[in-house]
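The stops below go one by one.

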Amino acid sequence: MDVIRIILVILIIIAMTLVLAIPHLIAILLGSRFATWIPMLWHRIARRLLRLSIRVVGEPVTGEPVLFVSNHVSWLDIVTVGATLPASFVAKREVGTWPGIKYLANLQRTIYVSRDKKTADRERQAMLKRLEKGDSLILFPEGTSYDGLRIGEFRTAFFSLADMNPNGKKLKVQPFSITYTKVDGFPVTRRSMDKVAWYGDMDLAPHLKDYLFGGPYEATLKFYAPVTIDQIGNRKLLARHCRDQIVTGNSEALSGSTRRLART
């Protein structure tokens, strides 16, 4: 039965992609807000097919461009966050070459950046243009994914975006934590976390297979108070502030999951 379910999930996702592809392209060409909401619809359907529930704590900022900052755990983050926030990712250019992940990233109108100084100004202007159109951006400042239990150091350079003033207003930065709190219907453990966390040199295909044969899963997103770089002081302090908030939230979510396991 699991094999049949997985085949149906794959077929439905392919069909859904084909149905939404043309309206999404038209919305992008016309500059319509539907270009943001169509990917969100795709992710919301996909997360149900992937047997993923999402618990949101706190309030994400709406109605203005925001730089959302989060820890990074897995390819699943794209679906989890994409189903929750009408925003686009900022990702390293290599992500645009990864099979499967590339499609999810492009669906979200991801802005790809490199470490090449020759393209830095053009990439910065592209991000500013999107912000001035009212789009929000999502940043994973660790620069890679981790195991869901630890939070990597935040790279200060990523927070150069916080210096931007779209439409003459200082950009708000809102940190939030991503924690996968249930795996196969049970509170997550150190061992079971690897079923959702995709990091290091893990191969995607076997990881995806293990995920699809499991479930249900739960993710907890916790949003913290937005700040501006002027309120915090500088990029280094802003990176530290966001990381401290996220480390605390991730630990609290994992501790809550452990307590639920102890009561089971």
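Start by selecting Arg235. Its relative accessible area is 35%, so Arg235 is partly exposed; that class sits between buried (under 20% relative accessible area) and exposed (over 50%), with a 1.4 Å probe and protein chains only. Arg235 and Asp163 form a salt bridge, with the closest N and O atoms 3.0 Å apart. The term requires a side-chain nitrogen of Lys or Arg within 4 Å of a carboxyl oxygen of Asp or Glu.

Before moving on, some ground rules. This is a predicted model, where local features need pLDDT of at least 70 and side-chain atom pairs count only at pLDDT 80 or more, while totals for chains, interfaces and linings use all residues. Residues are numbered from 1 along each chain as its sequence is written, and side-chain values use heavy atoms, with hydrogens and water left out.

**Next: Lys222 and Glu252**

Select both side chains. They meet in a salt bridge at 2.7 Å, N to O. Lys222 is in strand E8 (residues 217–223) and Glu252 in helix H8, so the bridge ties together parts 30 residues apart in sequence. Helices (H or I, at least four residues) and strands (E, at least two) are DSSP runs, numbered from the N terminus. Lys222 is partly exposed at 24% relative accessibility. Glu252 is partly exposed too, at 42%.

**Next: Asp135 and Arg130**

Buried or exposed: which are Asp135 and Arg130? Both are buried. Their side chains form a salt bridge at 2.9 Å, N to O. The whole structure holds seven salt bridges.

Select Leu8, in helix H1 (residues 2–30). Leu8 is partly exposed, at 47% relative accessibility.

**Last: zoom out**

Show the whole protein as a cartoon. There are eight helices and eight strands. Of the 264 residues, 49% are buried. Switch to the surface: the protein exposes about 13400 Å², with carbon and sulfur atoms supplying 59%. Areas come from the Shrake-Rupley method with a 1.4 Å probe; for residues, only the protein chains shown count as cover.
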